[in-house]
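Student: I have a structure open and want to go through it with you. Can we start with the strands and then move on to the side chains?

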Amino acid sequence: MHKQIVTIVLALVITSVLSAQESTNKTIMIGTDLAPWAFGAANGYFGLIHNSGKNEIGIAAFSGKDDDENLSFLGIIPSYRLYPSGKGKGIFFEGGLGLGFINWDYAKEEVSAITFWPTINLGYKWSFNFGLSVTPYAGGSYGIGEVEASDGTVKTFEDGSILTGFGPSFGLQLGYMF
């Protein structure tokens with residue numbers, strides 16, 4: 001009985017949240033993504049919805065420092081979203097290309113590198129009349145470029161991973177639309 005009540009309440013909450021989305025003519029969004037903040041990276045996002053709500057072009061910027069790994073980074077991620085509903089909200093497909101500048105303090109050498117990572121995501125954007133936008137997304141990216149010292153040592157993280165190769169892409173973007 002308890003499971004049935006929880007299921008009914010959950011269905012009502014989801015239905016009311018989804019129906020609270022009204023058609024909006026707001027086309028500019030500024031915001032942030034909570035996932036990078038969890039890993040100590042500051043970030044911001046600017047997006048512009050165009051083509052009658054079918055597409056969104058955006059750019060994200062981030063920076064951070066990891067003292068445990070002797071690493072600092074700065075980068076941008078231009079992206080393009082396609083909304084099948086044509087309303088600038090709902091399900092979207094996103095493609096992007098990240099560009100990162102990385103500095104690694106290795107022994108007595110400061111190693112600098114540029115990395116790229118093409119990314120593909122699938123997400124859903126909730127957009128409310130009062131301007132709030134909530135956008136979870138998930139997908140994958142492929143890292144290109146290594147952080148390599150002059151002696152040939154490649155930066156390896158404490159968990160054994162490196163910057164190149166396939167990796168997950170996920171986040172929860174919060175924004176304000178106007």
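Student: How many bridges join S4 to S5?

Tutor: 10 bridges join S4 to S5, and the two run antiparallel. Strands here are DSSP runs of E with at least two residues, helices are runs of H or I with at least four, and both are numbered from the N terminus. Two strands pair if DSSP finds at least two bridges between them. In this pairing, Leu 82 has Phe 93 of S5 as its bridge partner.

Student: Before going on, what kind of model is this?

Tutor: This is a predicted model, in which local features need pLDDT of at least 70 and side-chain atom pairs count only at pLDDT 80 or more, while totals for chains, interfaces and linings use all residues. Residues are numbered from 1 along each chain as its sequence is written, and side-chain values use heavy atoms, with hydrogens and water left out.

Student: Where is confidence lowest, and where is it highest?

Tutor: On pLDDT, the predictor's confidence in each residue from 0 to 100, helix H1 (residues 2-19) is lowest with a mean of 55. Strand S7 (residues 132-143) is highest, at 96. The protein chain has a mean of 88, and 87% of its residues reach 70 or more.

Student: Back to the sheet. In what order do the strands close into a barrel?

Tutor: The order is S1-S2-S3-S4-S5-S6-S7-S8, 8 strands with antiparallel pairing. On average, neighbouring strands of this sheet are turned by 25 degrees against each other, direction ignored. The axes behind that angle are lines fitted to C-alpha atoms, for helices over the stretch in contact, and angles run from 0 to 180 degrees between N-to-C directions.

Student: And how many bridges join S5 to S6?

Tutor: 17, again with the strands running antiparallel. Gly 90 stands opposite Lys 125 in S6. The hairpin of S5 and S6 has 2 residues between the strands, and Ala 107 there takes a positive phi near 50 degrees.

Student: What does the side chain of Lys 125 meet in a salt bridge?

Tutor: Glu 56, at 2.8 Å from N to O. Glu 56 lies in strand S3 (residues 55-66) and Lys 125 in strand S6 (residues 109-127), so the pair ties together parts that are 69 residues apart in sequence. A salt bridge here is a side-chain nitrogen of Lys or Arg within 4 Å of a carboxyl oxygen of Asp or Glu, and the count comes to 5.

Student: Is Glu 56 buried or exposed?

Tutor: Buried, with a relative accessible area of 1%. Lys 125 is also buried, at 0%. The cut-offs are under 20% for buried and over 50% for exposed, with partly exposed in between, using a 1.4 Å probe and protein chains only.

Student: What about Glu 94, which side chain does that one meet?

Tutor: Arg 81, in a salt bridge of 3.1 Å from N to O. Glu 94 lies in strand S5 (residues 90-106) and Arg 81 in strand S4 (residues 71-82), so the pair ties together parts 13 residues apart in sequence. Glu 94 is buried at 10%, and Arg 81 at 1%. Salt bridges that share partners join Glu 56, Arg 81, Glu 94 and Lys 125 into one network.

Student: New topic. Which residues make up the largest nonpolar core?

Tutor: There are 8, among them Leu 71, Ile 102, Trp 104, Val 111 and Ala 149. S5 and S6 each supply at least two residues of this core. The term covers buried Ala, Val, Leu, Ile, Met, Phe, Trp, Tyr and Cys residues joined through side-chain atoms within 4.5 Å.
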